Amino acid sequence: MPTPNPLEPAGPVAADTLAAAWPGWMREHAAAWVEVPLRIALIVVVLAVVRSVAKRAITRVVQHILEPSGGDGEGRRPRSDRGVAVLHRDRSRARQRREQRARTIGSVLSSAVTIVLFLIGTAMILDQVGIALGPLLASAGVVGLAIGFGAQSLVADYLSGLLIMVEDQYGVGDSVDLGEAVGEVEHVGMRLTHVRDLNGGLWHIRNGEILRVRNDSQDWARAVLDVAVAYNANLDDVYRVLEEAGRAVRQDPAFTDLLLEDPTVWGVQSLDADGVVVRIAARTVPLQQWAVTRELRRRAKDALDAAEIDIPFPQRPIWLRTDDSADEGVAPTR
């Protein structure tokens, strides 16, 4: 005797009951079958529109960063204040720096917007489906806390890198002092900064470990030269000779565009054992202070020699001892 199937109606009465209940069940759940997909589709469309608007705003920010500044001299009238106008005299390097900043900032902002919208959309869709979000959020919080404790240095590196780029603390081509690493910046990333030192070594520095930065490439620089003269030299003559040497450097066509002002004598810097130290200084364009200092040193040497002003040399005592003084017990003389 065959076993009856429990899913099949037991008889004509059960079949009639099921046939009568099916339309009612469909009417009761029709709203859920239609409204839930429509709500999900509406959530997806709204999030897509928000992402599109956000990406357009990010693109505008990137374009604003890529535009040359007023003092860049690209497509703009030169300004009378050359201190800012010569901030980036190397246009290719300046362009590379702006493009790197814009590309990195745009990528970070775009990724952040995408991740935030994805998480919001996922939570809203799960809520529409009827999945409880409480346990999921609690689990995600625990996982996030564990990852946060394990990757504190990594998070600090990325946040520091983002702030370095947003604040434009330094960029590709700048001459910086990061502590042990001193040299030219070759790459600025979200996690690492690459610096090429004077000996050709490439330093890889984590952005989270950078506590202070000295940038020698922003706005303007200063050439400082200390000149030592003999104590018997007339300081007024020394000042005049050094000022003339500074003006000669400023009038040299090779250095006219590198100096932002005439070199000026600041005065006596120190009184050393061997002579008097006089300081002369001048503002220069970024990264050219060393070339100007070398030229000032050469011109100052030639001008002091022409004016017959002695440049002192280290004075060391010389003790002379003769055999007679040693035999008679006489102290040696200086």
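Trainee: Quick one to start: what is the relative accessible area of R240?
Mentor: R240 has a relative accessible area of 41%, which makes it partly exposed; the term covers residues that are neither buried (under 20%) nor exposed (over 50%), using a 1.4 Å probe and protein chains only. Keep in mind that this is a predicted model, where local features need pLDDT of at least 70 and side-chain atom pairs count only at pLDDT 80 or more, while totals for chains, interfaces and linings use all residues. Residues are numbered from 1 along each chain as its sequence is written, and side-chain values use heavy atoms, with hydrogens and water left out.

Trainee: Which side chain does R240 meet in a salt bridge?
Mentor: The partner is E244, with N and O 3.7 Å apart, and a salt bridge here means a side-chain nitrogen of Lys or Arg within 4 Å of a carboxyl oxygen of Asp or Glu. E244 is partly exposed too, at 38% relative accessible area. Because the two are four residues apart in helix 6, about one helical turn separates R240 and E244; helices (H or I, at least four residues) and strands (E, at least two) are DSSP runs, numbered from the N terminus.

Trainee: And how many residues does helix 6 have?
Mentor: Helix 6 has 17 residues and spans 24 Å from first to last C-alpha, close to the 24 Å expected at 1.5 Å a residue, where the expected span is 1.5 Å times one less than the number of residues.

Trainee: Which residues of helix 6 are buried?
Mentor: They are V238, V241, L242, A245, G246 and V249. These lie on the same side of helix 6, because they cover an arc of only 135° around the axis, taken from the directions from the helix axis to the C-beta atoms. The buried residues pack against strand 6, strand 7 (264-271), strand 8 and helix 7, contact meaning heavy atoms within 4.5 Å. D236 and Q251, on the other side of helix 6, are exposed.

Trainee: What about the largest nonpolar core, which residues have the most contacts inside it?
Mentor: V227, V229, V238, L242, V292 and I309 do, in a core of 24 residues; a nonpolar core is a set of buried Ala, Val, Leu, Ile, Met, Phe, Trp, Tyr and Cys residues joined through side-chain atoms within 4.5 Å. Strand 6 (221-229), helix 6 (235-251), strand 8 (276-284) and helix 7 (289-306) each give two or more residues to this core. Apart from it there is another core of 13 residues, including Y170 and M190.

Trainee: Where does P312 lie?
Mentor: P312 is in the loop between helix 7 and helix 8 (323-328), and it is partly exposed at 21%. Beyond its neighbours within four places in sequence, P312 is in contact with A228, V229, A230, D274 and G275.

Trainee: Back to charges: which residue forms a salt bridge with D262?
Mentor: R250 does, with the closest N and O atoms 3.0 Å apart. That pair links distant parts of the chain, 12 residues apart, since D262 sits in the loop between helix 6 and strand 7 and R250 in helix 6.
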